[in-house]
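Entries follow in the order I looked.

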Amino acid sequence: MLVSYATLGYPNKEDYLRLVKGLVEAGSDILEIGLLPKYAKYDGPVIRRSYKQVSTWLTDFWSLLEETRRAVDVPLVILTYLEDWVTSLPDTLARMKDVGINGVLFPDLLIDFIDEYEKYVNEIKSHGLNAVIFTSPSVPDPLIHKVSKISDMFLYYGVRPTTGVPLPVSVDSLITRVRTLVNNKLVVGFGLSDIEDMKKALRAGADGVAIGTVYIEEIERNGVESAISLARKFRGILDGS
Amino acid sequence: MANSEEIIPSYWYNIIPDLPKPLPPPRDPPDAEFSRIDLLRKIMPSEVLRQQFTVERFVPIPKEVREAYINIGRPTPLVRARRLEEFLNTPAKIYFKYEGATPTGSHKINTALPQAYFSMKEGVDHLVTETGAGQWGTAVALSARMYGLNSTIFMVKVSYEQKPQRRTIMQLYGARVFASPTSHTEYGKKVLNENPNHPGSLGIAMSEAIEYALSNGYKYLVGSVLDVVVLHQSVIGLEAMKQLQELDEEPDVLVGCVGGGSNFGGFTFPFIGSKKGSKYIAVGSYEIPKFSKGAYNYDFPDSAGLLPLVKMITLGRDYVPPPIYSGGLRYHGAAPSLSMLIKEGIVDWREYNEKEIFEAAQIFLQTQGIVPAPESSHAIRAVIEEAREAKIKNEKKVIVFNLSGHGLLDLPNYESMMKRIGQD
């Protein structure tokens with residue numbers, strides 16, 4: 001399963017729409033779309049740069065989400081911080097459903113809202129949306145096991161404490177360990193910085209990978225088309241070629 | 001009976017997978033002009049950083065580090081404090097794990113050795129750190145020397161002045177020692193500009209050490225607070241568990257003092273993780289009231305804000321602690337894992353003032369003969385109170401505490417305390 005991330009509206013409207021279409025054509029199974037947050041608590045410097053750029057021009061993100069929905073036919077999962085929506089959650093979820101969004105992923109759910117996470121998961125599901133749960137190495141084993149069963153589509157497991165900073169972690173041993181706890185599809189992300197990391201993750205039992213920072217870095221260096229070719233390459237790895 | 005070397009574990013214990021809730025991860029501040037998390041890669045040895053973020057419950061201790069532990073006299077003794085029990089006329093049994101029985105006189109060497117070892121393996125030739133009371137700096141100075149590395153220590157100015165012998169030991173081991181705030185770093189210059197007589201704080205010394213390591217391409221060793229330090233210190237608790245098993249004892253109450261939380265966590269976490277014991281007491285200083293007055297918030301571990309934000313019980317990074325004699329307890333925060341366990345009600349806390357800990361130190365040294373470090377005397381005070389309560393309730397409980405260091409280099413402090421408290 002290839003889950004490709006794009007920051008909504010990055011690098012600009014036209015290129016963003018080209019990117020999401022290209023990522024799907026290149027074989028992405030699911031698109032994860034990041035909404036500009038008030039505080040990118042768990043994002044590394046690369047994704048933060050993309051948010052900063054988007055913040056200079058994007059005012060109506062709902063209409064761009066609608067355009068995204070029209071542009072591609074794979075499931076769309078919104079990545080956004082619950083903190084930003086906690087006071088207006090029912091309306092926001094209803095609107096996402098109307099737009100045709102398939103799921104939502106709150107990276108801060110099990111950290112900043114741990115005492116009420118079940119309430120929020122139920123709320124997401126009650127609006128007909130998939131609740132994709134984000135876990136990480138600092139989530140205790142019994143909790144990973146428990147939430148893996150209620151996470152829709154797949155369980156997201158971020159191997160590093162922040163995106164896009166290649167801190168030294170043992171990807172294979174982390175995933176070998178977490179695989180035994182997860183009763184669901186397991187998608188690994190957050191700092192899979194190179195092909196070797198991806199291969200290790202898959203060999204250790206991951207069902208898929210989530211890629212984000214690498215695309216943004218590639219866009220910064222060589223533009224959108226080059227990021228799309230990367231997606232093609234990742235598809236090849238997943239397909240075993 | 002196991003021979004003494006068999007008491008030393010082959011693995012360190014990591015409590016993260018056994019915590020009741022997810023440990024909030026480190027963060028970069030909003031609108032950060034650079035990533036502090038990324039900065040960790042530049043300042044810390046990479047194996048130390050890998051262990052900081054590991055989730056393995058048991059992390060193998062390299063053979064060479066285990067040998068180094070043996071070389072410094074591990075396992076440290078677990079001693080029954082019979083004379084203290086008699087003095088208190090308590091039905092409780094009291095044991096202490098004596099971490100003062102290492103060459104540097106405290107538990108700090110348990111993490112300095114592996115951090116220096118991993119640095120040496122990576123080809124690093126110069127280590128930098130900060131120190132409050134001097135125990136950590138001493139441990140780094142010796143560990144660096146053992147692996148043929150140079151070391152520079154930023155020592156909090158008030159301790160530098162109060163504890164000249166600590167400075168001397170570090171220098172004898174071959175370290176360069178500066179009184180922080182210094183004019184060797186931009187941050188130190190800024191602090192001195194604002195207040196030329198600043199007594200210093202651990203947070204400031206930490207910021208200076210990090211800046212100095214960065215600007216010279218050296219590696220920074222971390223002495224407390226971060227998970228990797230607590231991980232290495234778990235050698236204390238793992239040994240104590242085995243030693244108690246050999247004695248056929250089941251501990252009820254476990255006690256340790258808290259500066260940043262490494263000796264407390266290292267001692268108690270293996271027990272907490274395996275659900276041995278029913279009460280865990282973290283003891284801080286009344287004068288530095290982080291447990292009673294601190295907030296559970298994201299805060300910087302260092303005053304300059306060079307390290308990533310971590311969620312911890314904290315008095316705020318700008319907090320300037322009063323110059324109490326337990327220099328090791330002057331830190332503004334407590335380790336994230338310990339902070340969570342306190343917030344979840346799994347670990348209890350106490351705070352005692354200097355007079356209370358001075359009395360406890362006197363009782364201990366007059367019954368057991370060991371001069372405890374003023375920091376460790378905080379734990380002793382809690383032990384005495386628990387033993388007295390056991391007497392009132394006639395409970396035969398087993399109290400075990402970590403005597404995290406000896407106080408033979410704190411005699412001038414005790415002298416001052418004697419004079420001052422005598423005048424009260």
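**Entry 1: a salt bridge between the chains.** I started with Lys21(B). It forms a salt bridge with Asp115(A), with the closest N and O atoms 2.6 Å apart. The model is predicted, so I note that side-chain atom pairs count only at pLDDT 80 or more. I then asked how many salt bridges the count between chain A and chain B gives. The count is three salt bridges.

**Entry 2: polar contacts and elements.** I went on to polar contacts. Between chain A and chain B I find 10 residue pairs in polar contact, both residues at pLDDT 80 or more. Next I looked up which elements give two or more residues to the side of chain A that touches chain B. They are helix H2 (45-55), helix H5 (109-112), helix H7 (141-150) and helix H8 (171-179) of chain A. I sorted that side by class and got 19 nonpolar, three polar and six charged residues.

**Entry 3: extent of the chain contact.** Chain A puts 28 residues into the contact, and chain B puts in 28 residues. The area buried between chain A and chain B is about 2300 Å². Carbon and sulfur atoms give 64% of that area. Which three residues supply more than any other three of the area that chain A buries against chain B? I noted Tyr39(A), Ser138(A) and Pro168(A), which supply 23% of it.

**Entry 4: domains of chain B.** I turned to chain B. Its domain assignment gives domain 1 (62-103 + 226-420) and domain 2 (124-216). The centres of the two domains, taken over C-alpha atoms, are separated by 24 Å. Their contact takes 26 residues from domain 1 of chain B and 25 residues from domain 2 of chain B.

**Entry 5: area between the domains.** The two domains of chain B bury about 1900 Å² between them, 62% of it on carbon and sulfur atoms. I checked which residues of domain 1 lose the most area to domain 2. They are Ser303(B), Arg330(B) and Leu409(B), together 26% of what that side buries.

**Entry 6: pairs across the domains.** I count one salt bridge between domain 1 and domain 2 of chain B. In a salt bridge, the side chains of Lys163(B) and Asp410(B) meet at 2.3 Å, N to O.

**Entry 7: the domain 1 side.** Helix H4 (63-71) and helix H18 (411-423) of chain B each supply at least two residues of the side that touches domain 2. H4(B) gives the most, with three residues. By class, I list 16 nonpolar, five polar and five charged residues on that side of domain 1.

Conventions:
Residues are numbered from 1 along each chain as its sequence is written. Chains are lettered from A and ligands numbered from 1 in the order in which they are written. This is a predicted model: local features need pLDDT of at least 70, side-chain atom pairs count only at pLDDT 80 or more; totals for chains, interfaces and linings use all residues. Side-chain values use heavy atoms; hydrogens and water are left out. Contact means heavy atoms within 4.5 Å. Buried area is the accessible area (1.4 Å probe) that two parts lose on being put together, summed over both. A salt bridge is a side-chain nitrogen of Lys or Arg within 4 Å of a carboxyl oxygen of Asp or Glu. A polar contact is a pair of N or O atoms within 3.5 Å; within protein, one must be able to donate a hydrogen and the other to accept it, and residues adjacent in sequence count only if both atoms are side-chain atoms. Helices (H or I, at least four residues) and strands (E, at least two) are DSSP runs, numbered from the N terminus. Ala, Val, Leu, Ile, Met, Phe, Trp, Tyr, Cys and Pro count as nonpolar, Asp, Glu, Lys and Arg as charged, and the others, Gly among them, as polar. Domain bounds come from an automatic or database domain assignment.
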